[in-house]
Amino acid sequence: MATIITKAKEKFFQMVDDFGSDPYHLRPHVPEVEKWAKHLLKKVPEADEEVVLLSVWLHDLGHYPIPTKIDHAIRSEERAKEFLEAENYPKERMDKVLHCVRAHRCRDALPNSTEAKIIACADSASHMTEPMYFAMAKDDKENNHEFRAYAKMERDYRDLAAFPEIQNELKELYEAWKKLIKSYEKIDLK
Ligand SMILES: [Fe+2]
Ligand SMILES: [Fe+2]
């Protein structure tokens, strides 16, 4: 019998498949978030593993289809709720998962549980070990936009602070990304 985590994983890949393309690179991103979440779970063994892993697979469920005026964290929360209710997931645990999903961006809703802090940290950490900043910088250069990668890196690095050990582990990589993006920005390729 498939576990609820396996079903959440299938639900996530189905959402990407239904959209047909993957402009936000969610197919490699969410498995990377899972790796970081597992890494964090080893450091915080008192955290609820099922809540964390369910939240990994549900946190970006609201990304597609685009464009949408609704923040994807809000849409992810709505879809996660529908999914968990259909699975008869216990209400008290569902609320914990929904908070992790809703607060994963550390924007209007801030993580206030250990599990939500793990998700927000794993999401930010995964951006550092994926090619996302470079893809963002390249897209901005090609479209003559202001470079968003710096602000994104700053926010991600700030959000790692809930786990200073992880922030420290990624410090060198974060500084290397900043340097790389700065060098790339100077290249004038018409
Ligand atoms: Fe997200
Ligand atoms: Fe994410």
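Cys 106 is buried in this predicted model, with 20 other C-beta atoms within 10 Å (buried means 20 or more other C-beta atoms within 10 Å of a residue's own, exposed 12 or fewer, partly exposed in between, with C-beta atoms placed from the backbone). Phi of Cys 106 is positive, at about 50 degrees, though the residue is not a glycine. Cys 106 sits in the loop between α5 (91-102) and α6 (114-128); helices here are DSSP runs of H or I, at least four residues, numbered from the N terminus.

Asn 144 also has a positive phi, near 50 degrees, and isn't a glycine either. Its loop runs between α7 (132-142) and α8 (149-159). Asn 144 is exposed, with 6 other C-beta atoms within 10 Å. Pro 65 belongs to the loop between α3 and α4 (72-86). Most residues other than glycine have a negative phi, and most peptide bonds are trans.

On to helix packing. The axes of α2 (residues 26-43) and α3 (residues 49-58) come within 9 Å and cross at roughly 160 degrees (axes are lines fitted to C-alpha atoms over the stretch in contact, with angles from 0 to 180 degrees between N-to-C directions). That makes α2 roughly antiparallel to α3, a label for angles over 145 degrees.

Residues are numbered from 1 along each chain as its sequence is written, while chains are lettered from A and ligands numbered from 1 in the order written. As the model is predicted, local features need pLDDT of at least 70 and side-chain atom pairs count only at pLDDT 80 or more, whereas totals for chains, interfaces and linings use all residues.

Conventions: Helix = DSSP H or I, 4+ residues; strand = E, 2+ residues; numbered from the N terminus. Parallel < 35°, antiparallel > 145°, perpendicular 65-115°, else oblique.
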